[in-house]
Amino acid sequence: MNQKFFCEKIKTLTLIAPRRVLLKKLREALVLIERTDAKERHRLLGRLKTIFITNKIGYTNEFFMPEKLWFANKSLILKNTTVWIASLIVHEAFHAAQFKKGRYIMPLAKLEKPALKKQAQFLKKLNRADLVQDLKTAVKHEYRRKMQNDKASFAHFRKLLTLLGKKELILKKLQNFQV
């Protein structure tokens, strides 16, 4: 895999994406988290080490522990609003807290209910009851099962994780940002 990615550092968090516009959307989401709940932003910087956006189409995303790494396909970021992306980051960072407390256990589906609750709380702080309802609809339509059936994305995430660990990805470093 000889694909180039852009890389930015925001304090302790590394953002990796194949396009600059994806990094911009992540930065905007992090700014929104900071403005909405500075304590949550501080917690997530301790919980997440890397956000890695792939060049794949699809809505699949996965959190990896102990790497503290969240993978998401590019269309998940491109097709969603800053508010929704921020809520996803809060959701995924919460999984790290579950791991640290010894609650990151099988089956993984049991981890989703508390993470979804955390995500809904964040959306309520933004007065976005409409998105809380969208969250409930996604759960009702078994979005998680659809993601689990996307074997191509999960295999791709694991391959990228291996390459990242071996330092075999081409990362073009951009400036560090203070958000």
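A cavity, on a 1 Å grid over the protein atoms alone, is a set of points where a 1.4 Å probe fits but cannot get out, and its lining residues have an atom within 4 Å of a point. Keep that in mind for the third stop.

This is a predicted model: local features need pLDDT of at least 70, side-chain atom pairs count only at pLDDT 80 or more, and totals for chains, interfaces and linings use all residues. Residues are numbered from 1 along each chain as its sequence is written, and side-chain values use heavy atoms, with hydrogens and water left out.

**Start with the whole chain**

Color by secondary structure. The chain has eight helices and six strands. Helices (H or I, at least four residues) and strands (E, at least two) are DSSP runs, numbered from the N terminus. In sequence order the pattern reads β-β-α-α-β-β-β-α-α-α-α-α-α-β. Of the 179 residues, 49% are buried. Buried means under 20% relative accessible area, exposed over 50%, and partly exposed in between (1.4 Å probe, protein chains only). Among contacts between residues at least 6 apart in sequence, 60% join residues at least 24 apart.

Two packed helices are described by the angle between their axes and the distance between the axes. Axes here are lines fitted to C-alpha atoms, for helices over the stretch in contact, and angles run from 0 to 180 degrees between N-to-C directions. Angles under 35 degrees count as roughly parallel, over 145 as roughly antiparallel, 65 to 115 as roughly perpendicular and the rest as oblique.

Select residues 20-36, helix 1, and residues 38-47, helix 2. Their axes come within 5 Å and cross at roughly 130 degrees, so the pair is oblique. On the helix 1 side, look for Leu-30, Ile-33, Glu-34 and Thr-36. Ala-38, Glu-40, Arg-41 and Leu-44 meet them from helix 2. That contact holds four nonpolar residues, one polar and three charged. Ala, Val, Leu, Ile, Met, Phe, Trp, Tyr, Cys and Pro count as nonpolar, Asp, Glu, Lys and Arg as charged, and the others, Gly among them, as polar.

**Second stop: Lys-74 and Lys-56**

Select Lys-74, in helix 3 (residues 74-78). At 15% relative accessibility, Lys-74 is buried. Leaving aside residues up to four places away in sequence, Lys-74 touches Leu-22, Ile-53, Thr-54, Asn-55, Lys-56 and Ile-57.

Move to Lys-56, in the loop between strand 3 (50-53) and strand 4 (61-64). Lys-56 is partly exposed, at 28%. Draw a line from its C-alpha atom to that of Ser-75: 7.4 Å, across 19 residues of chain.

The whole structure has one cavity of 30 Å³ or more. The largest cavity has a volume of about 40 Å³. Grid points are joined across faces, edges and corners, and a volume is the space filled by probe spheres set on the points.

Which residues line the largest cavity? Select Asp-37, Glu-40, Val-90, Lys-118, Gln-121, Phe-122 and Lys-125. Helix 5 gives the largest share of the lining, four residues. By type, the lining has two nonpolar residues, one polar and four charged.

End on Gln-121, in helix 5 (residues 109-125). Gln-121 is partly exposed, at 38%. Its C-alpha atom lies 8.5 Å from that of Val-132, 11 residues apart along the chain.

Note on methods
Contact = heavy atoms within 4.5 Å. 1 Å grid on protein atoms, 1.4 Å probe; cavity = no way out; pocket = protein on both sides within 12 Å on 5 of 7 lines; lining within 4 Å.
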